Amino acid sequence: METVPALATRQQSIISSKTCPIRLFGSGGILRGTLAEWCAEKGIGEEETLEIEYFESVMPPQRMSTLPHEDWVSSISCQIAGYFLTACYDGNIRAFDYSQKLLQTIPTHNAPVSSICIIPTPSAPSESHLIASASHDLTARITRLTLTPDSSTASPPQTLASLHLHTAPLSSISANSSGTHVLTSSWDGLIGVWNTSIPTIDEVPLDDTQAGAERKRRRKMGDGDDAPRPRRKAPAAVLKSHTARVSKVVFGRAEQDKTAYSCGFDSTVRVWDVENEICTNTITASSKPFLDLALSPSGQSALAASTDRTVSQYDLRASTSSAITPSVATLAHPATPSCIAVSPDSSSEHQLITGAYDGVVRLWDLRSIKSAVTSFKAWEGKDVGKKVLSVDWARGGRRRR
Amino acid sequence: MAATDAKKQTKKRKAAPEDESPLPSAIPQNVGLEMLSDDEGTDGEDGSDGEVDEFPEIDVRSDTEDEDEVDEEGEDSDEDEEEQEEEDDEDESEEDTDDDLHIFPRARTIVSNITGQPKRVYPPIEPDYDSDSSTEDSPNRVGNIPMHWYDDLPHVGYDINGKKVLRPARGDELDKFLETVEDPSSWTTAFDKKAQMDKPLTPQELDIIRRLQENEIPDAQYNPYEPTVEWFTGKGKEEVMPLSAAPEPKRRWVPSKWEKQKVMKIVRAIRQGRILPSKPKTASTQLQFYSVWNEEPSNQPAPLPAPKPRLPTHAESYNPPEEYLPTEEERKQWEETDKEDRERDFLPQKYSALRLVPAYSQFIQERFSRQLDLYLAPRIQRVKLRIDPDSLIPKLPSPNSLRPFPVYRALQAAHEGHRVRSASVSPDGAWVVSGDESGVVRLWEVIVGKEVKRWTFKGKVGAVEWCPRTDVNFFVVGVEEHLHFLIPPNLSAATLTATQSLLSPATLPPQPATPSPIKWVSVSAAASSSDAPILTVNLPSSSGLPKQLVWHRKGDYLATVSSNETQGGVWMHQLSRRHSQAPFKKIKGSVQLVLFHPSKPHFFVATQRYVRLYNLAEQKLLKTLSPGIRWISSMDVHPSGDHLIVGGYDRKLCWFDLELSDKPYKILRYHSRALRSVHFHPTFPLFASSSDDGSIQIFHARVYNDLMTNPLIVPLKILRGHQVKDGLGVLAVRWVLRQPWLVSAGADGAVAVWCS
């Protein structure tokens with residue numbers, strides 16, 4: 001199976017070019033034609049004063065390379081500087097460096113991995129990273145990974161703990177910025193809150209079938225493998241309010257570390273107080289099963305992709321008096337949007353990218369919601385049926401299946 | 001002599017002031033003289049007496065200031081009358097001897113009281129039947145006008161002198177009534193319009209009324225039985241020269257045989273009863289009186305007036321202005337053109353005077369064409385149907401108000417080039433299992449479309465169905481002559497254990513008394529994996545492909561329909577007892593589909609043309625539904641259990657209200673090719689139908705709880721996107737539980753998920 005992560009430099013390439021292309025903003029959106037046409041269309045007289053903003057134009061990113069995988073890539077992360085991590089439906093987590101060299105393949109799960117995230121470890125050495133992965137095998141795992149430019153000297157990755165709570169496949173996992181807690185969401189409507197400390201003993205007893213399978217596998221792997229078995233870890237708390245599949249859960253940004261945001265197939269976006277394990281706010285949409293959620297850089301609004309081909313922006317500060325919360329902005333897509341990533345730096349706080357099932361990645365500006373600022377096909381025309389399953393945007397990185 | 005006599009008599013009748021005078025003259029010659037003379041005589045006497053007595057009184061009363069002369073003259077006239085009567089008597093006595101003829105009554109010469117000169121006095125002319133001054137005595141001279149013009153005025157008209165005739169005092173109704181009681185003659189009075197008062201009828205008038213009542217001739221002086229005047233017979237009156245010398249023919253004095261025959265014919269008819277001599281008077285022969293105004297005014301439009309002829313213009317004038325006169329070219333052109341092509345059928349011509357205008361030569365032609373116009377003119381007003389065509393369309397809610405429903409294809413999973421016969425969605429709505437004709441069964445996520453597991457069997461996969469139970473998780477795959485029970489991977493431990501213990505229990509249930517030809521083979525729970533079927537049910541050999549698998553709602557019973565109908569393809573399998581049985585010994589027709597009722601122990605069986613509803617508990621036939629479809633292809637029951645939709649290969653989809661009738665409540669014919677699959681959404685008010693035309697149609701179907709309201713069916717959306725391959729389109733549609741999403745499997749090897 002071919003997979004196509006494309007890598008693009010955004011700011012640098014534009015600034016390095018001599019003429020800096022800009023986009024002009026009128027009161028109603030991006031100016032796409034001449035100013036006279038725009039004025040004629042809007043019915044603005046020539047004598048009136050126009051307030052026009054500009055922002056640096058975003059060139060369609062050039063695809064630098066594709067990273068082939070054997071199966072579908074479900075999640076991608078470029079939070080570690082210099083490396084990409086991909087989670088694949090064959091159960092492996094792969095690490096690449098910027099020269100698209102496959103550094104490591106970590107067989108974490110024996111079922112499709114649905115989501116990965118990096119647990120920030122400020123105290124640990126820079127080569128060592130903690131990765132949390134969620135899988136269809138009803139568990140999430142925390143894996144220690146040592147990434148060095150020279151793959152030969154790297155120590156083998158070690159799965160430290162498996163998180164046991166859910167009774168249905170997990171859909172997403174995310175860690176807070178300080179790296180103390182991990183959230184998992186699952187198809188059974190539960191959100192698990194876990195701390196990242198690795199227990200010394202199993203907190204959850206092995207059940208029979210699991211044990212049998214474990215034993216069998218270990219026997220297969222041979223006795224010579226002395227890798228310690230991952231500790232079975234129980235959740236610190238369970239957030240229970242969704243009535244259907246929870247598709248995404250994220251922590252708030254750095255200053256709101258105790259707040260979690262989740263969206264689900266029950267057409268709700270919920271705000272959680274993680275410490276007190278209560279749902280503090282519920283945003284209800286009408287028949288919009290949400291697939292992905294992202295927080296704006298300011299943390300005041302949430303962007304949620306739903307299966308009705310829209311990405312909706314919701315104001316998190318709005319009270320929940322009415323039954324159905326109106327969305328602030330709605331970005332209409334021609335296909336199901338599957339993933340959202342917002343710009344990490346504050347200079348482009350209105351911008352976001354979305355990936356959709358038609359294989360097109362779109363860059364949007366929230367001030368101009370009529371159409372995307374730019375869009376580009378993730379890969380060449382012959383692979384029509386491919387879908388973008390995950391995008392990440394950290395200083396210019398995007399991946400897809 | 002005789003002629004003069006008759007003449008004289010008529011003259012006399014004319015001139016005679018009294019009516020009885022001529023009748024006595026006829027007495028000697030009349031046969032029934034006594035009767036006549038008696039009647040007439042008394043009447044005449046009464047009449048004459050009344051007349052004579054009354055006249056002076058009226059005169060005195062009305063004109064008190066009149067001159068004496070009038071009185072005298074009146075007296076004179078009275079005397080004259082008496083005298084004349086005497087004369088008449090004399091006439092009667094004298095009979096034919098009266099020889100002098102008078103047109104007028106004889107004048108008498110008397111000496112005037114005033115002048116002393118002798119003067120001739122004629123008897124006054126009495127108003128009579130043939131007198132033209134019959135209204136002379138009326139003081140009111142307004143003439144024959146509607147008298148209500150004077151209703152509001154104090155007078156009723158003017159007399160001959162132009163003076164107002166005042167309205168006589170009239171009593172009220174009570175007075176009238178009292179009058180009828182007190183005055184014996186009041187019933188012979190009549191209201192005189194001119195005088196605006198009641199006048200007693202004269203004896204003559206009363207006599208006329210009486211005669212009219214008795215069907216006699218109203219004129220008393222007319223004698224219908226006047227004596228025959230013998231002009232040519234009698235002594236001395238014979239014709240000297242007869243008109244013809246021929247002897248009188250025999251037929252004059254021999255009775256006519258022909259007449260006798262005619263009469264005898266009538267007599268015979270009367271005897272035989274063919275002619276009723278006196279028809280009994282029936283109600284219909286009597287006059288029917290009815291009130292004209294009681295009838296309802298007819299709502300028929302008034303008959304159309306004939307089209308009006310065109311009005312003449314200046315050009316038709318005999319002396320038109322110069323500009324209307326044709327020029328030479330116009331005249332020539334008019335003459336050259338054919339008659340029916342001419343703009344007008346005449347040429348304007350100028351005459352200086354009307355008397356110079358010749359007769360119109362085209363008159364007959366014009367009248368004729370006008371008659372033709374009238375004859376051919378439409379006289380029936382064609383009532384145009386003024387119906388707004390939009391009003392005929394039933395009022396259906398807008399599809400936008402019925403959201404959510406699937407509108408677009410979110411993703412597609414391919415079975416490379418093999419027909420996908422069936423697909424099934426797991427009861428939690430997360431997984432889809434689809435099986436194609438090459439024996440591949442794929443398990444994939446609904447919303448991502450990623451295949452997570454694949455099984456390959458030998459032969460075609462006819463049906464896959466997920467068990468509806470939520471505590472266990474497995475699905476059944478029907479391949480040729482086998483049912484395979486498969487457990488999906490990545491189950492929680494509790495579910496997996498429950499599923500394994502259900503499908504391969506440690507202690508097998510006791511074998512039923514009657515052995516079944518169907519064998520249940522399972523692997524032990526420990527050895528089982530998700531890679532291979534944990535349980536296999538071997539259907540009887542040569543039963544063919546199980547084309548349908550249906551679970552009961554509780555997940556214990558499973559019914560299968562095999563394609564080979566000769567063996568009786570319906571089998572019912574019970575998981576808890578690991579036992580299969582054929583529910584029907586014999587079924588008329590080949591079974592196409594079966595269905596479990598969602599709430600009652602009922603069982604739908606669809607043969608080619610009929611759907612039969614059986615009660616499994618009582619083992620009897622409840623109903624036979626006849627959809628009118630030639631070959632039923634698909635069927636589904638509403639989650640409430642009261643409604644059934646049936647799709648057919650002849651493009652029809654029938655909606656049955658099971659409470660209502662055995663006939664379809666609605667027949668939808670929206671597909672252009674055969675229907676392949678229909679499915680109700682378990683929770684949303686939606687159903688979908690798929691067809692060989694490659695389209696899926698989504699309907700809103702709201703069912704109301706009260707029995708009075710009919711279900712509301714609104715077509716919502718046609719989903720296109722599947723390719724038609726080998727004449728086959730979309731073979732199966734299934735709804736995703738809890739979401740308005742649809743999974744469709746097509747003959748082009750694609751399984752698509754349609755999202756709202």
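## Close-ups of a predicted two-chain model

**View 1. His643(B) and the residues around it.** His643(B) sits in strand β26 of chain B, which covers residues 643–648; strands here are DSSP runs of E at least two residues long, and helices are runs of H or I of at least four, both numbered from the N terminus. This is a predicted model, where local features need pLDDT of at least 70 and side-chain atom pairs count only at pLDDT 80 or more, while totals for chains, interfaces and linings use all residues. Residues are numbered from 1 along each chain as its sequence is written, with chains lettered from A and ligands numbered from 1 in the order in which they are written. His643(B) counts as buried because 21 other C-beta atoms lie within 10 Å; the cut-off for buried is 20 or more such atoms, exposed means 12 or fewer, partly exposed is in between, and C-beta atoms are placed from the backbone. Leaving aside neighbours within four places in sequence, the contacts of His643(B) include Trp655(B), Phe656(B), Asp657(B) and Val703(B) (contact: C-beta atoms, placed from the backbone, within 7 Å). Its C-alpha atom is 9.6 Å from that of Tyr665(B), 22 residues apart along the chain.

**View 2. Val646(B) and the largest nonpolar core.** The largest nonpolar core has 190 residues, and Val646(B) is among those with the most contacts inside it, as are Ala132(A), Ala304(A) and Met635(B). Such a core is a set of buried Ala, Val, Leu, Ile, Met, Phe, Trp, Tyr and Cys residues joined through C-beta atoms within 7 Å. Strand β35 of chain B (residues 750–755) gives this core its largest share, 6 residues. Beyond four places in sequence, Val646(B) touches Ala606(B), Ile629(B), Met635(B) and Phe656(B), among others.

**View 3. A four-stranded sheet in chain B.** The strands of this open sheet run in the order β8-β9-β10-β11, with antiparallel pairing; a pair needs at least two DSSP bridges. At the edges are β8 (420–425) and β11 (451–456), each with a single partner strand, so one side of each has no neighbour in the sheet. The twist averages 15 degrees from one strand to the next, with axes fitted as lines to C-alpha atoms (for helices, over the stretch in contact) and angles running from 0 to 180 degrees between N-to-C directions. Zoom in on β9 (431–436) and β10 (440–445) of chain B, and you'll find 5 bridges in the antiparallel sense. Val432(B) has Trp444(B) as its bridge partner there.

**View 4. A mixed sheet in chain A.** Here 5 strands make an open sheet in the order β7-β8-β9-β10-β14, and the pairing is mixed. The edge strands are β7 (113–119) and β14 (231–233), each with a single partner, so one side of each is left without a neighbour in the sheet. The twist averages 25 degrees from one strand to the next. β7(A) pairs with β8(A) (residues 128–135) in the antiparallel sense over 6 bridges, and Val113(A) stands opposite Ser135(A).

**View 5. Where the chains touch.** 26 residues of chain A are in contact with 22 residues of chain B. On the chain A side, 13 are nonpolar, 8 polar and 5 charged. Nonpolar covers Ala, Val, Leu, Ile, Met, Phe, Trp, Tyr, Cys and Pro; charged covers Asp, Glu, Lys and Arg; the others, Gly among them, are polar.

Note on methods: Two residues are in contact if their C-beta atoms, placed from the backbone, lie within 7 Å.
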